[in-house]
Amino acid sequence: MDVERLTAMVEEAAADSPLTGLGATVRVRAELERLLLARRPRRGLELMVHTGVADVVLPELAALVETVDEHRRHKDVYEHTLTVLDQAIDLETGPDGPVGQAHATLSYYALLISTLFLLTFGLIMVFSVQSVTIAAGGGSAFTAFLRYLIIAGVGLAAMVATSRIDRVWLQRLAVPVLLLAAVLQSLVLVPSLATCAGGNCNWVRLPIVGQAQPSEFIKLALALYIGWVAARHRERLRGGRNIVLFVFAPAGAAIGLVMRGGDLGTVVILALLMAGALWMGGLGKTWFVGLFAAGLVAFGGATMLSANRRARIMA
């Protein structure tokens with residue numbers, strides 16, 4: 001949709017000449033039909049509200065902004081209405097079945113196959129390293145590898161169980177899980193619990209559980225949180241203040257805790273995870289340019305300030 005053209009039509013429709021107004025009204029209707037029949041009309045509707053075009057063309061839609069329903073179940077009826085629109089489009093059917101089902105199915109299996117491939121590749125790499133080191137000490141590599149197989153099995157079972165959870169509950173858990181992950185990560189700052197190796201202090205030793213790496217929960221929590229923001233609060237991905245307050249501040253605090261433990265590698269992975277999620281969520285491209293530049297400077301500085309990292313790079 002050409003916003004300037006539609007804006008001009010609205011102004012023309014508001015002119016005093018009845019013939020001109022009638023002609024412009026017909027043209028505005030044609031543009032609206034094209035917008036509503038698009039694959040994702042939400043973006044066009046949001047643009048109309050943002051530019052003020054909806055005040056003339058669809059005043060009922062513009063009036064929903066910041067409106068609370070009478071039952072006080074939805075703080076913003078406008079966002080709720082657009083979400084329902086998205087969900088209704090996802091349920092549309094055509095002669096060959098649900099519209100967009102093939103794309104959704106392809107995305108699901110692409111993600112599933114990629115996950116299983118990375119898991120298998122990781123297990124192979126772990127076994128190849130352990131088989132050499134443990135065999136050199138006279139131990140059994142297969143016995144030691146069994147622990148990793150059990151962990152992988154538990155992870156796959158948890159993945160299947162999570163896929164069966166209603167997405168409403170996943171959305172409700174987004175913030176609590178991020179807070180819980182941050183609390184667990186803060187345990188690496190407790191000297192009596194932290195375990196360090198090679199300048200990295202991102203492990204903790206807990207009763208019963210044993211040694212654990214809380215930053216792994218940060219990865220899960222950030223993926224869940226960014227997904228929740230993109231799915232339920234897309235307005236928080238628009239405007240510098242919203243992005244900084246609702247995305248970078250909480251995510252930065254969690255990643256900062258990981259960096260406080262000295263694990264730069266995990267920080268890079270978390271940054272890439274966030275970038276991918278925000279890209280899929282529709283964050284503006286200009287943000288990525290700035291973030292990439294800032295990330296390079298931060299990475300270079302963190303590397304040069306650590307003797308251990310410099311030694312590993314120069315080795």
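Biologist: What's the strand order in the open sheet of three strands?
Modeller: In this predicted model, the order is β3-β4-β5, and the pairing is antiparallel.

Biologist: And which ones are the edge strands?
Modeller: β3 (194-197) and β5 (210-212), since each of those pairs on one side only.

Biologist: How much are neighbouring strands turned against each other?
Modeller: By 35° on average, ignoring direction.

Biologist: How many bridges hold β4 and β5 in their pairing?
Modeller: Three bridges, with β4 covering residues 200-206 and running antiparallel to β5. For a spot to look at, Arg205 stands opposite Gln211 in β5.

Biologist: OK, switching to helices. At what angle do α10 and α12 cross?
Modeller: Roughly 15°, and their axes come within 10 Å. Here α10 is residues 215-232 and α12 is residues 264-281.

Biologist: So what do we call that, parallel or antiparallel?
Modeller: Roughly parallel, because a crossing of roughly 15° falls in the class for angles under 35 degrees, and that makes α10 roughly parallel to α12.

Biologist: Is the crossing left-handed or right-handed?
Modeller: Right-handed, as α10 passes α12.

Biologist: Which residues make the contact?
Modeller: From α10 you have Ser215, Ile218, Lys219, Leu222, Ala223, Ile226 and Ala230. On the α12 side they are Thr266, Ile269, Leu270, Leu273, Met274, Ala277, Leu278 and Gly281.

Biologist: How many of those are nonpolar, polar or charged?
Modeller: The contact of α10 with α12 splits into 11 nonpolar residues, three polar and one charged.

Conventions. Residues numbered from 1 in each chain as written. Predicted model: local features only at pLDDT ≥ 70, side-chain atom pairs only at ≥ 80, totals over all residues. Heavy atoms only, no water. Axes fitted to C-alpha atoms, helices over the stretch in contact; angles between N-to-C directions. Helix = DSSP H or I, 4+ residues; strand = E, 2+ residues; numbered from the N terminus. Parallel < 35°, antiparallel > 145°, perpendicular 65-115°, else oblique. Left-handed = near helix turned anticlockwise from the far one by under 90°. Contact = heavy atoms within 4.5 Å. Nonpolar A, V, L, I, M, F, W, Y, C, P; charged D, E, K, R; others polar. Pairing = 2+ DSSP bridges.
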